[in-house]
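Here are a few notes to go with your first look at this one. Have the model open while you read.

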Amino acid sequence: MLSKKALGISPSSTMAIDSKAKGMKSKGIDVVSFGAGEPDFDTPPHIREAAIRAINEGYTRYTPAAGMPELREAICKKLQGDNGLDYEPAQIVVSNGAKHSLYNVMVTLLNPGDEVLVPKPYWVSYPEMVRLADGIPVPVESREENLFKVTAADLEKVCTQKCKALIINSPSNPTGQIYSIEELQEIARFCVDRGIYIVTDEIYEKLIYSGSQHFSIASLSNEIKELTIVVNGASKSFAMTGWRIGYTASNTAIAKVMANIQSHTSSNPNSIAQKAVVAALQGPQESIEEMRLAFDERRRFMFRRVSEIPCLSAVEPLGAFYIFVGMAEVIGKHYHGTAITDSDNFAYLLLENHKVAVVPGTGFGSPNHMRLSFATSLENIAKGLDRIEAFLEELA
Ligand SMILES: Cc1ncc(COP(=O)(O)O)c(C=O)c1O
């Protein structure tokens with residue numbers, strides 16, 4: 001019998017649909033994929049060159065488990081410059097992607113049975129990571145009228161004595177919504193009053209639109225900073241998903257324990273990728289703006305087009321590269337005799353019959369939604385949405 005805990009973990013639904021679509025494409029099928037969770041841009045040349053230089057200059061050995069000092073310094077400068085946060089390099093732990101950082105955080109914070117508040121819809125991996133660390137994920141219901149953001153009152157409804165931490169993800173995957181400074185202040189007060197840790201996942205902070213602003217909740221006061229673990233990384237901002245570099249900033253005690261855990265599990269993240277991220281943080285930043293502008297154009301086009309399609313609804317995303325599309329009106333309809341029961345079988349029928357990959361909302365805790373990524377060309381967006389519209393027209 002394998003570990004009950006391990007067997008209880010579901011596979012990542014975002015990765016499942018993406019790999020099915022890629023499999024169909026490799027067989028020559030013309031699939032339009034809205035499943036992408038990564039920029040469709042190449043890593044900028046100066047970052048790639050830094051990696052090549054790192055290889056040639058011999059940065060090919062172990063680094064300290066928590067990351068090379070040069071990178072941790074560069075991350076401190078970034079946090080100071082972008083987020084108004086003062087950290088020492090000893091408070092930074094560099095890991096194999098933000099996903100790994102989040103897992104390290106959960107393992108570091110949780111004792112068996114500790115509860116973690118997870119605002120819903122949530123990124124698919126949060127509940128599973130909490131479970132892997134023997135914690136209990138507690139979904140916090142949000143309301144679409146409040147743009148899927150939770151308030152202190154929403155947290156209050158489900159918070160018990162066992163509550164250890166809250167996960168905040170702004171800009172959000174899957175909804176693309178961003179918490180304002182006032183909303184964060186209210187949440188920060190709630191957590192400080194109860195001594196609840198905040199895990200703030202800020203991986204999409206650079207991809208924001210329509211004049212929105214990103215605030216790190218850690219920057220609101222020293223009290224909240226002490227209770228907060230900031231999670232970020234290079235994947236989305238620098239189109240570096242495959243390089244696998246993420247990091248945390250936290251109080252020194254938490255950082256020490258995380259570095260300790262990492263020293264026994266993965267050791268340091270890839271030394272060459274670390275050097276590349278130093279170049280990413282210290283070098284020209286124009287590529288971020290170019291990517292952001294391209295995403296913004298696609299976002300506006302996709303949102304307009306989705307809003308025109310009968311039976312679908314969406315709240316305009318202000319960050320990240322996803323539109324979370326409501327499809328409640330479609331549930332109960334039939335596709336050539338097969339009932340649409342939720343977004344899972346909707347996504348399956350759509351992919352099989354009209355060759356469009358979308359991510360069902362079930363994995364995000366929202367079975368009547370689907371997530372469409374606009375990290376793909378305008379041409380694909382137009383083609384894919386035409387196909388979705390044609391599919392919907394066949395429903396009875
Ligand atoms: C909300 C969120 N957090 C974290 C991650 C993980 O990023 P990384 O590639 O750095 O592990 C993702 C990736 O999809 C994400 O969407």
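Which residues are the closest to the ligand? Read on for that.

1. First, the ground rules. This is a predicted model, where local features need pLDDT of at least 70, side-chain atom pairs count only at pLDDT 80 or more, and totals for chains, interfaces and linings use all residues. Numbering starts from 1 along each chain as its sequence is written, and side-chain values use heavy atoms, with hydrogens and water left out.

2. Now the ligand. It has 13 residues around it, and the closest are Ala-98, Asp-201, Tyr-204, Lys-236 and Arg-244; a residue counts as near if one of its heavy atoms lies within 4 Å.

3. Some polar contacts (pairs of N or O atoms within 3.5 Å) are worth a look. A polar side-chain atom of Lys-236 sits 2.6 Å from a ligand oxygen. For Ala-98, a polar backbone atom is 2.7 Å from an oxygen atom of the ligand, and for Ser-235 an N or O atom in the side chain is 2.8 Å from a ligand oxygen. On its own the ligand exposes 400 Å², and the protein buries 92% of that (Shrake-Rupley areas, 1.4 Å probe).

4. Next, a helix pair (helices are DSSP runs of H or I, at least four residues; strands are E runs, at least two). H13 (residues 343-354) packs on H14 (residues 378-393) at about 110°, axes 11 Å apart; the axes are fitted to C-alpha atoms, and angles run from 0 to 180 degrees. That makes the two helices H13 and H14 roughly perpendicular, a label for 65 to 115 degrees.

5. Where they meet, Phe-346, Leu-349, Leu-350 and His-354 of H13 touch Arg-387, Ile-388, Ala-390, Phe-391 and Leu-392 of H14, with contact meaning heavy atoms within 4.5 Å.

6. Finally, check the backbone in some loops. Lys-120 and Pro-121 are joined by a cis peptide bond, omega about 0°, and Pro-121 is in the loop between strand E3 (115-120) and helix H6 (125-132).

Definitions and conventions. Angles under 35 degrees count as roughly parallel, over 145 as roughly antiparallel, 65 to 115 as roughly perpendicular and the rest as oblique. A polar contact is a pair of N or O atoms within 3.5 Å; within protein, one must be able to donate a hydrogen and the other to accept it, and residues adjacent in sequence count only if both atoms are side-chain atoms.
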